[in-house]
Amino acid sequence: MTQLPPFLEEPDDTQQAIMKATYVALCEHGYSDLTIQRIGDEFSKSKSLLYHHYDSKDDLLLDFLEFMLAEFEAEIPADGEERYDEHVEEIANGSIEFGGPEENLDFAKALVELRAQAAHDDAFREYFERTDRSIRAYLEETIRTGIEQGVFQKVDPEETAALLTIVTTGSMFQRATGSGAVVEDAGAAFEQCVRTHLLNADSTTSD
């Protein structure tokens, strides 16, 4: 059974119901075998609504990706809040799920397929470029917060965020398309690099 993100468990409206159906069908069939018909099989309302709103599966998938990005950005703390502390602790304590969470492997595989479309499709490329910028900006602010708290060394936040983005994205690709053992070995080395080159040896994090 597909594990849904919390914001899709109980759709509030037709649009969210379409996004939920897309998520489930994408995890089950992957990009190549996905059709609007198969998304409709997971949709609780009339399939005609899908054909009314979308001309092709790529139109629907791009809308789905925009929806997922908006949900991610909605979780980014606003200025003035206690910002980024939780993620600082995740990095410091080595609790980041290197390679992505195993329970969402089907979605990771589908995401790899979708990202591959960016090699030849400008619409997908533009989307993933914006996603990368958003993730990097979040990581940059997380690293700045960690430096201010004395948890991290005085590294370059932009360069370090770029490295973390590439490493975590690459590990997700590896888990989705290759051996999980490689991910585990690389994860151990990655954690050691974080402890050596990012963490301040004299720092402590809150429980």
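**Salt bridges and helices in a predicted model**

Arg195 and Glu191 both belong to helix H10 (residues 180–197), where four residues, about one turn of the helix, separate them; helices here are DSSP runs of H or I with at least four residues, numbered from the N terminus. An α-helix has 3.6 residues a turn, so residues three or four places apart point the same way. The two side chains meet in a salt bridge at 3.4 Å, N to O, the term standing for a side-chain nitrogen of Lys or Arg within 4 Å of a carboxyl oxygen of Asp or Glu.

This is a predicted model, in which local features need pLDDT of at least 70 and side-chain atom pairs count only at pLDDT 80 or more, while totals for chains, interfaces and linings use all residues. Residues are numbered from 1 along each chain as its sequence is written, and side-chain values use heavy atoms, with hydrogens and water left out.

Across the whole structure, a search finds eight salt bridges. One of them joins Arg130 to Glu66, with the closest N and O atoms 2.2 Å apart; because Arg130 lies in helix H8 and Glu66 in helix H5 (residues 57–74), the pair ties together parts that are 64 residues apart in sequence. Glu126 is linked with Glu66 and Arg130 in a network of salt bridges.

Helix H8 itself covers residues 122–148 and, with 27 residues, reaches 39 Å from its first C-alpha to its last, close to the 39 Å expected at 1.5 Å a residue, the expected span being 1.5 Å times one less than the number of residues. After H8 comes Gly150, whose phi is positive, near 80°.

How values were computed: Helices (H or I, at least four residues) and strands (E, at least two) are DSSP runs, numbered from the N terminus.
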